[in-house]
Amino acid sequence: MPDSSLHDLIIIGGGPGGYTAGIYAQRAALKTVLIEKGIPGGQLNNTDEVENWPGTEKISGADLAIQFSQHAAAYDLAVLNREVVGIEPGRNHHTILLDNGEKLTSHAVILATGGSPKKLGIPGEDQNYGRGVSYCAVCDGFFFRNKTVVVVGGGDSALEESLYLAKLAKRVYIAHRRDAFRAGMILQKRVLHEERITVLWNTVLTEIQADAQGVNGVITRNTMDGTTSALATDGVFVFIGFEPNNGLVPAGTKMNANGYVIADEKCETNTPGIFVVGDLKEKYAKQIVTAAADGCTAALAAAHYVENKKSGA
Ligand code: NAP
């Protein structure tokens with residue numbers, strides 16, 4: 001007798017990739033559940049304005065996240081608000097272990113757990129997290145109205161978040177370790193024209209200093225001549241890239257040297273029935289639109305995989 005508790009597909013993670021997979025899975029009539037430990041949207045909730053989601057010139061990250069979850073709800077996608085603590089791959093089905101001790105089983109699994117902000121790893125960073133050190137301008141920028149902040153990084157995130165902070169803070173320093181930004185040209189132009197932003201080229205932070213009230217300064221080092229300087233600041237925002245959230249990737253599943261999961265054009269990993277989408281996957285462009293594209297591909301491929309499994313192919 002077929003096991004009625006067995007899912008066709010379990011999606012872990014509720015960002016753009018996970019929700020798109022959920023919508024496509026419902027359209028393919030797969031018995032699906034999406035498991036998310038936080039609020040819908042993932043990293044979208046840390047994004048101020050999204051200006052490159054086709055069809056929508058500008059929308060806040062949080063609003064786009066709500067739209068994704070509402071769209072999935074319109075397809076009656078089951079969403080479970082729990083943390084997954086482990087995945088046991090199996091020949092017949094995969095087992096998903098939840099933080100409350102429950103176990104769910106599924107033919108196919110889509111990993112959509114994304115990434116987390118990288119840390120600088122310098123003295124004063126961990127100690128002052130929430131006391132002036134932040135990895136999210138949209139979440140914490142409000143506390144720095146008319147204050148001074150230092151942003152670290154030279155990619156799209158650093159520049160986008162600096163522009164957001166420049167609307168609130170009286171001075172935004174961007175400390176970048178090289179003499180050229182990695183970010184796209186549109187953001188570069190906007191940053192270089194924003195009078196409240198000062199770029200500190202060839203500069204890294206070596207220490208974050210604080211008193212009882214929180215962060216009050218940083219020590220910087222010039223990467224060209226090695227000179228160090230003290231800079232007074234009320235906050236430090238770190239945007240130096242992401243690390244993949246690969247803690248749930250089953251043993252034996254191939255990852256690259258940076259911990260991103262390797263998948264084929266169907267988003268399937270080398271572990272049969274385990275698919276990967278979005279920022280956890282090794283790929284060229286980490287964008288909302290590419291995460292969504294992965295979600296579509298993985299769900300359609302998972303539907304095919306489940307069909308074959310059920311027919312014994
Ligand atoms: P990123 O593109 O990897 O940029 C990280 C930046 O931090 C780089 O400038 C890098 O310097 C610097 N950095 C790395 N490690 C550092 C360290 N230990 N100390 C000091 N600086 C360090 O990361 P991201 O900006 O978070 O973007 C991630 C992905 O999301 C990218 O593909 C990006 O295009 C995408 N994204 C797109 C948008 C958008 O399209 N609107 C918005 C946000 C993010 P180097 O340049 O010297 O390597």
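These exercises on a predicted model come with worked solutions.

The model is predicted: local features need pLDDT of at least 70, side-chain atom pairs count only at pLDDT 80 or more, and totals for chains, interfaces and linings use all residues. Residues are numbered from 1 along each chain as its sequence is written, and side-chain values use heavy atoms, with hydrogens and water left out.

**Exercise 1**

Find the salt bridge of Asp 8, and say where its two residues lie.

Solution. 
- Start with the rule. A salt bridge is a side-chain nitrogen of Lys or Arg within 4 Å of a carboxyl oxygen of Asp or Glu.
- Apply it. Asp 8 pairs with Lys 310, and their closest N and O atoms are 2.7 Å apart.
- Asp 8 is in strand S1 (residues 7-12) and Lys 310 is in helix H6 (residues 288-311). They are 302 residues apart, so the pair links distant parts of the chain. Helices (H or I, at least four residues) and strands (E, at least two) are DSSP runs, numbered from the N terminus.
- Check the cover. Buried means under 20% relative accessible area, exposed over 50%, partly exposed in between (1.4 Å probe, protein chains only). Asp 8 has 7%, so Asp 8 is buried. Lys 310 has 54%, so Lys 310 is exposed.

**Exercise 2**

How many salt bridges does a search of the whole structure find? Work through the pairs of Asp 126 and Lys 58 too.

Solution. 
- The search finds 7 salt bridges.
- Asp 126 bonds with Lys 119 in a salt bridge, with closest N and O atoms 3.1 Å apart. Asp 126 is exposed because its relative accessibility is 52%. Lys 119, at 49%, is partly exposed.
- Now look for shared partners.
- Lys 58 is exposed at 52%, and Glu 51 is partly exposed at 39%.

**Exercise 3**

Describe how strands S15 and S16 pair.

Solution. 
- Two strands pair if DSSP finds at least two bridges between them.
- Here 5 bridges join S15 (residues 214-222) to S16 (residues 228-232). The two strands run antiparallel.
- Pick one position. Ile 219 stands opposite Ala 230 in S16.
- Look at the turn. The hairpin has 5 residues between the strands, and Gly 226 takes a positive phi near 80° there.

**Exercise 4**

Is Arg 177 buried or exposed, and where does this residue sit?

Solution. 
- Arg 177 is exposed because its relative accessibility is 59%.
- Arg 177 lies in the loop between strand S12 (171-175) and helix H5 (185-193).
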